[in-house]
Amino acid sequence: AAAAAAPAERLDPSMAHFNAALAAAAAGELETAASQFALAANSTDLGLQAKAYYNRGNTLLQLAESPTLAPAPQTPDAGDARGSAIGEALRMYENAIALDPNDLDAKKNYELALKIQQQQPPSPSPSQEDNNESDDSDNSENQDSPPPPDPDSSRDQPDNQQPQPSP
């Protein structure tokens, strides 16, 4: 709410979006957190942009691993949504690394997201779905996927607070 009310010429609302995203993530509202981190990434502050990209990547990975996004692995749309979230998380980590090439956490989480993506079975095409409906072969998947990145990492609070407007 504060971010939307901030006059654009006087205050960059990105910090408020970032803080709203942190609060939403802490409350378990991952979709809201992801969208708020995306808004925070529009900041003119490159450090805040990097943190927003990193945290959005973490949030998207958590969404990909959550039962809400992928309730039933046998549902074709569940795999697509999960794969889309992982792909977007990879792009967020790439953006964070581009802004801060020394960011070891972003590099580590990029590698983790890549492993998770590689463990995902390929999405069947529509013609394969029709052919596989009566196929009861063993489709057990490796359930030992690595855990999502820790959202309580060192990125939860920005290094520099935005100055308050003087009265």
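These are my notebook entries on a predicted model of one protein chain.

**Entry 1: the whole chain**

I began with the secondary structure and found seven helices and zero strands in the chain, so that the pattern, read along the sequence, is α-α-α-α-α-α-α.

**Entry 2: helix H2**

I took helix H2, residues 14-26, and checked its length: its 13 residues reach 18 Å from the first C-alpha to the last, close to the 18 Å expected at 1.5 Å a residue. The buried residues that I listed in H2 are Ser14, Met15, His17, Phe18, Ala21, Leu22 and Ala24. I kept in mind a general point, that an α-helix has 3.6 residues a turn, so residues three or four places apart point the same way. After H2 comes Gly28, and I wrote down that its phi is positive, near 80°.

Which residues does the side chain of Asp12 join in polar contacts? Asp12 has its place in the loop between helix H1 (2-5) and H2, and I recorded it as partly exposed because its relative accessibility is 22%, where buried would require under 20%. Its side chain is joined to that of Ser14 by a polar contact of 2.8 Å, and it makes another polar contact, of 3.1 Å, with the side chain of Ser43. I noted that Asp12 and Ser43 are 31 residues apart in sequence, while their C-alpha atoms lie 7.0 Å apart in space.

**Entry 3: H2 against H3**

Before looking at pairs of helices I reminded myself that two packed helices are described by the angle between their axes and the distance between the axes. For H2 and H3, the axes come within 8 Å and cross at roughly 160°. An angle over 145 degrees counts as roughly antiparallel, and H2 and H3 are therefore roughly antiparallel to each other. The crossing of H2 past H3 is left-handed. On the H2 side the contact is made by Ser14, His17, Phe18, Ala20, Ala21, Leu22, Ala24 and Ala25, and on the H3 side by Thr32, Ala33, Gln36, Phe37, Leu39 and Ala40.

**Entry 4: helix H4 on its own**

H4 is mostly covered, with 17 of its 20 residues buried. At its start I found a side-chain oxygen of Asp45 that reaches to within 2.9 Å of the backbone nitrogen of Gly47.

**Entry 5: H3 against H4**

Next I looked at how helix H3, residues 30-40, packs with H4, and the angle is about 160° with the axes 8 Å apart. H3 and H4 are therefore roughly antiparallel to each other, and H3 passes H4 in a left-handed crossing. Among the residues of H3 that meet H4 are Leu30, Ala33, Ala34 and Phe37, and among those of H4 that meet H3 are Ala52, Arg56, Thr59 and Leu63.

Is Thr59 buried or exposed? Thr59 counts as buried because its relative accessibility is 3%. Leaving aside residues up to four places away in sequence, Thr59 touches Leu30, Ala33, Ala34 and Phe37.

**Entry 6: H4 against H6**

My last pair was H4 and helix H6, residues 104-119, which pack at an angle of about 25° with their axes 11 Å apart. Angles under 35 degrees count as roughly parallel, and H4 and H6 are therefore roughly parallel to each other. H4 passes H6 in a left-handed crossing, and the contact is made by Tyr54, Asn58, Leu61 and Glu65 of H4 together with Asp105, Ala106, Asn109, Ala113 and Ile116 of H6.

I finished with Asn58, which lies in helix H4. With which side chain does that of Asn58 make a polar contact? The partner is the side chain of Asn109, at 2.9 Å, and Asn58 itself counts as buried because its relative accessible area is 1%.

Notes. Residues are numbered from 1 along each chain as its sequence is written. This is a predicted model: local features need pLDDT of at least 70, side-chain atom pairs count only at pLDDT 80 or more; totals for chains, interfaces and linings use all residues. Side-chain values use heavy atoms; hydrogens and water are left out. Buried means under 20% relative accessible area, exposed over 50%, partly exposed in between (1.4 Å probe, protein chains only). Helices (H or I, at least four residues) and strands (E, at least two) are DSSP runs, numbered from the N terminus. A polar contact is a pair of N or O atoms within 3.5 Å; within protein, one must be able to donate a hydrogen and the other to accept it, and residues adjacent in sequence count only if both atoms are side-chain atoms. The expected span of a helix is 1.5 Å times one less than its number of residues. Axes are lines fitted to C-alpha atoms, for helices over the stretch in contact, and angles run from 0 to 180 degrees between N-to-C directions. Angles under 35 degrees count as roughly parallel, over 145 as roughly antiparallel, 65 to 115 as roughly perpendicular and the rest as oblique. A crossing is left-handed if the near helix is turned anticlockwise from the far one by less than a right angle, and right-handed if clockwise. Contact means heavy atoms within 4.5 Å.
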